[in-house]
Amino acid sequence: SARFTLPSKAHIPIKFLIGKNDKMVSPNCGRKIAKSLGVSFEIIDNAGHDLPLDQPQIVSEKISTFFAD
């Protein structure tokens, strides 16, 4: 991760989801990444770093809605 360089903007549609209780990537860091890419961002309550395992129904709904729009 030390060699990772964030692109200046996203070239594809992105919905950035992050767990409110993520101990590996803070929601604030996720917000900054999403903002720098110019993409949507959402914090999911009662979830950590394993967001799809912690809140599978919510993640599924967010993905479905994202692709439906």
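F66 is partly exposed, with a relative accessible area of 26%, where buried means under 20% relative accessible area, exposed over 50% and partly exposed in between (1.4 Å probe, protein chains only). F67, in turn, is exposed at 65%. The model is predicted, so local features need pLDDT of at least 70 and side-chain atom pairs count only at pLDDT 80 or more, while totals for chains, interfaces and linings use all residues. Residues are numbered from 1 along each chain as its sequence is written, and side-chain values use heavy atoms, with hydrogens and water left out.

Rings of Phe, Tyr and Trp (its six-membered ring) pair if their centres lie within 6.5 Å; planes under 30 degrees apart count as stacked, over 60 as edge-to-face and the rest as tilted. The count comes to 2 aromatic pairs. F16 and F41 form a tilted pair, 5.9 Å centre to centre with 35° between the planes. This pair links distant parts of the chain, F16 lying in strand 1 and F41 in strand 2, 25 residues apart. F16 is buried at 18%, whereas F41 is partly exposed at 23%. F66 and F67 form an edge-to-face pair, 5.3 Å centre to centre with 75° between the planes.

Helices (H or I, at least four residues) and strands (E, at least two) are DSSP runs, numbered from the N terminus. In helix 1 (residues 27-37), the buried residues are P27, G30, A34 and L37. Seen down the helix axis, these fall within an arc of 90°, so they line one face; the arc is that of the directions from the axis to the C-beta atoms. On the other side, K32 and K35 are exposed.
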